[in-house]
Amino acid sequence: AVGRCAAELRASLLAAAGEERAAACDLSDEIAGGLFDGSSPATDGADPATLASLLRTAGLFLRWSSLLDGEGAGRLSCPCMLRLYAGLLDESPPAEGPKDVGRFASICIFRSTYGAKPLNSRARKVFVEELDGCRLLVRALMRGGQPAGRLFTITRNVHHLVAACPREAVPGMERAVEECGLEEDKRNGVEEAKESRAANLTDVLSATLSWAVNSEPALPGGQDDRRADLALEALRAMYALSASGLAVKPSQEAVAEIGATLCDVLSLSSADERCYQCKLAVVNLLLDAPKGYSRYLVENGAVPHLVDVLSYQTSLVVVERTGSSANDAAAVVPVLLALLRIVKADEEALEIVRREVFPPDSESAFRELADAEILMGNGEGRVRAKNMAPLDAPRGTLRWRLVKLMTWLESNVKRASCELLYALCGEDGTEFVLRTGFGNAVHFLGVRGAVSLPQGVDV
């Protein structure tokens with residue numbers, strides 16, 4: 001039944017696309033079989049709304065039929081159908097909402113090529129190697145005047161291919177950006193255009209991100225506004241591209257522009273879930289950012305926004321509990337490490353984060369307790385205090401949550417939180433113990449060689 005449904009849907013799609021399109025896609029079996037014999041009113045191609053509806057149905061079918069019947073999905077993801085989707089994406093004019101043929105064609109490409117099953121792998125290989133899919137996607141992404149919904153689906157395809165087959169996709173896309181830029185220069189006949197156009201895939205994704213974040217109205221927009229989704233997908237694609245190690249290095253000017261856009265994203269309201277997910281994607285990018293970005297983040301007021309993300313993520317893990325060690329690590333380790341990288345690179349960033357974690361209005365009381373503890377003369381190794389619990393970490397505060405993470409079961413969570421707190425304490429073992437408690441700090445200090453650990457304790 002699934003296979004029969006797929007066959008009928010395929011036939012309807014081809015009829016709606018028209019005989020000329022089917023012939024261009026080498027669908028000679030359908031032509032010879034009488035699909036275009038003049039008996040159907042759809043022989044000359046249907047209106048865009050009908051074609052878009054059929055493509056949307058095909059995309060939904062591809063999404064779910066692979067769970068039931070590989071043959072059904074195969075009928076809609078074969079090389080000829082991929083060629084049909086590619087042609088419709090490349091040639092369909094921009095349209096809004098349910099009439100956007102290009103958007104639904106792009107979704108069909110994604111549903112055909114996404115996944116680890118042999119069917120998806122074959123479709124991905126055909127799309128990249130035989131249909132020049134990388135060039136198609138780059139050209140579609142660089143084309144102006146397109147709605148956010150279509151750009152989102154195109155960017156998602158770029159992200160997927162960069163992550164799934166980077167050795168084949170990234171070089172192809174980088175070449176396509178250069179070729180498309182040269183074609184644009186040739187059409188314009190202006191030599192100076194070379195200086196302003198996108199020079200590599202990172203530039204293209206950055207420009208897409210900047211448009212999504214800074215265009216009007218302000219994000220997140222209405223419920224049907226896809227710009228926040230587009231921004232998130234562009235950020236994820238940039239992360240995958242950076243992780244591949246194959247991207248062309250952007251210029252210093254481009255790096256500065258990316259930094260400005262990332263600061264814009266961090267300043268968005270966290271009340272909208274889509275915008276907040278964009279902030280988490282920025283955190284992932286900052287894990288591999290140049291050291292100079294710390295200064296840029298400070299100058300543009302972005303560091304407090306990162307501390308806000310840390311505050312929410314630690315609440316998610318410590319208070320609400322994510323439910324698994326893997327989820328705990330995914331929730332807090334990236335922002336812990338990003339902030340650690342930032343505070344180690346810039347003294348002013350260190351002070352900003354320190355004030356956020358250890359508020360100045362609590363420091364006077366803490367210092368009195370700390371001085372009294374040191375006067376007691378207890379200590380271990382190079383550490384001059386041995387208070388077992390933190391001297392000032394009221395329940396529910398950010399510093400309390402960070403101290404709780406120091407003894408978390410997941411080792412990456414534990415180490416990352418210790419490293420950040422240790423940096424905020426000026427890498428002073430005594431200050432670290434006063435702030436966090438000897439019981440919480442002893443293992444980390446032992447790893448650092450500040451105290452002696454019992455024989456046999458694993459470091």
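The buried residues are Arg-274, Cys-275, Tyr-276, Cys-278, Lys-279, Ala-281, Val-282, Val-283, Leu-285 and Leu-286. Their cover includes helices H14 (227-244), H15 (252-266), H17 (293-299), H18 (303-320) and H19 (325-345), contact being taken as heavy atoms within 4.5 Å.

Helices are DSSP runs of H or I with at least four residues, and strands are runs of E with at least two, numbered from the N terminus. The 14 residues of H16 (273-286) should span 20 Å at 1.5 Å a residue, and the end C-alpha atoms are 20 Å apart, which agrees; the expected span is 1.5 Å times one less than the number of residues.

## The N-terminal end of H16

Asp-272 caps the N-terminal end of H16, with a side-chain oxygen 2.9 Å from the backbone nitrogen of Arg-274. The side chains of Asp-272 and Arg-274 also meet in a salt bridge at 3.3 Å, N to O, the rule being a side-chain nitrogen of Lys or Arg within 4 Å of a carboxyl oxygen of Asp or Glu. Asp-272 counts as buried because its relative accessibility is 19%, and Arg-274 counts as buried at 19% as well.

## Other salt bridges

By this rule the count comes to 18 salt bridges. Side chains of opposite charge can pair when their charged atoms come close. One of these salt bridges joins Asp-346 and Arg-295 at 2.8 Å, N to O. This pair links distant parts of the chain, 51 residues apart, with Asp-346 in the loop between H19 and helix H20 (347-357) and Arg-295 in helix H17. Asp-346 counts as buried at 10% relative accessibility, whereas Arg-295, at 30%, counts as partly exposed.

A further salt bridge, between the side chains of Glu-431 and Arg-435, has an N to O distance of 3.0 Å. Because Glu-431 and Arg-435 are four residues apart in helix H24 (429-436), about one helical turn separates them, and both residues are buried. Elsewhere, salt bridges that share partners join Arg-295, Glu-299, Asp-346 and Glu-348 into one network.

## Basis of the values

Residues are numbered from 1 along each chain as its sequence is written, and side-chain values use heavy atoms, with hydrogens and water left out. As the model is predicted, local features need pLDDT of at least 70 and side-chain atom pairs count only at pLDDT 80 or more, while totals for chains, interfaces and linings use all residues.

Notes
Buried < 20%, exposed > 50% of the residue type's maximum accessible area, 1.4 Å probe, protein only. Polar contact = N/O pair within 3.5 Å; in protein donor to acceptor, adjacent residues only side chain to side chain.
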